[in-house]
Amino acid sequence: MSVLESVLSLTMVAQTARTAVPYVLASQGGVWSERSGVVNVALEGMMLAGGLAGVAVAHAHGAMLGVVAALAMGAALGAVHAAVTELGRIDAIVSGVAINVVALGGTRVILRALYQSSSNSPSIAGFGAHGRGMLARVALDPMSAATVVAVIAAIVVMRGTRFGL
């Protein structure tokens, strides 16, 4: 198999789509944050902390509760960032960098405490149709579908409503 065939294979397309889900969702958060007038450079920290919360809860209680925990952690850090910048009048860049640094160090410490590794968590069972082709599993995954719906909803709201204008 040539390099071009490997890059253009369905497996590569499926892996790219699967990996893009958290980044697309974070970018949606960034767009909404910018629309509200707050620069959000803390997206990476929110992703790290949300990812750790999601894995820890999913490992103990299942994938659905893991998703809820990840969303709650991201929302909590977003609320902290908004409160510090709006109520505390701290520069949004300084606040965002601080959140990123705390999340980077904090997730490593918590990973080591929970799983005796500062870089890896245990594998968790995901959603979807097991046993099918990889592209079908990604296409049928609830998180992939929710991402597509979130992007379409953001476009509709931002272009077609007073709230988005």
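Me: Which residues does Thr 85 touch, not counting residues up to four places away in sequence?

Reply: Good place to start! In this predicted model, Thr 85 touches Val 38, Ile 90, Asp 91, Ala 92 and Ser 95, leaving aside residues up to four places away in sequence.

Me: What makes Thr 85 count as buried?

Reply: Its relative accessibility is 7%.

Me: Where is Thr 85 placed?

Reply: You will find Thr 85 in helix α4, which covers residues 63-86. Here is a handy piece of background: an α-helix has 3.6 residues a turn, so residues three or four places apart point the same way.

Me: Which residues of α4 are buried, and what do they pack against?

Reply: The buried residues of α4 are Ala 63, Gly 66, Val 67, Ala 69, Gly 74, Leu 77, His 81 and Thr 85. They pack against α3 (43-61), α5 (92-115) and α7 (142-160).

Me: How do you know what span to expect for α4?

Reply: The expectation uses 1.5 Å a residue, and for the 24 residues of α4 it gives 34 Å. From first C-alpha to last, α4 reaches 34 Å, close to that expected value.

Me: What is the secondary structure of the protein chain?

Reply: The protein chain has seven helices and zero strands. Along the sequence that reads α-α-α-α-α-α-α. Buried residues make up 28% of its 165 residues.

Me: Why is Ser 117 called buried?

Reply: Its relative accessible area is 18%. The limit for buried is under 20%, so Ser 117 falls on the buried side. Ser 117 lies in the loop between α5 and α6 (134-140). A polar atom of its side chain lies 3.1 Å from the backbone nitrogen of Asn 120. Ser 117 also touches Leu 111 and Arg 112, not counting residues up to four places away in sequence.

Me: Why is Thr 11 called partly exposed?

Reply: Thr 11 has a relative accessible area of 45%, so that is the class it gets. Thr 11 sits in helix α2 (residues 10-36). The C-alpha atoms of Thr 11 and Met 134 are separated by 6.4 Å, although the two residues are 123 residues apart along the chain.

Me: What makes Arg 89 count as exposed?

Reply: Exposed means over 50%, and Arg 89 has 64% relative accessibility, so it counts as exposed. Arg 89 belongs to the loop between α4 and α5.

Me: What is the phi of Arg 89?

Reply: Phi of Arg 89 is near 55 degrees, a positive value in a residue other than glycine. As background, most residues other than glycine have a negative phi.

Me: Where is Gln 116 found, and why is it called exposed?

Reply: Gln 116 is found in the loop between α5 and α6. With a relative accessible area of 60%, Gln 116 is exposed, because the class needs over 50%. Phi of Gln 116 is also near 55 degrees, a positive value in a residue other than glycine.

Definitions and conventions: Residues numbered from 1 in each chain as written. Predicted model: local features only at pLDDT ≥ 70, side-chain atom pairs only at ≥ 80, totals over all residues. Heavy atoms only, no water. Helix = DSSP H or I, 4+ residues; strand = E, 2+ residues; numbered from the N terminus. Buried < 20%, exposed > 50% of the residue type's maximum accessible area, 1.4 Å probe, protein only. Contact = heavy atoms within 4.5 Å. Expected span 1.5 Å × (residues − 1). Polar contact = N/O pair within 3.5 Å; in protein donor to acceptor, adjacent residues only side chain to side chain.
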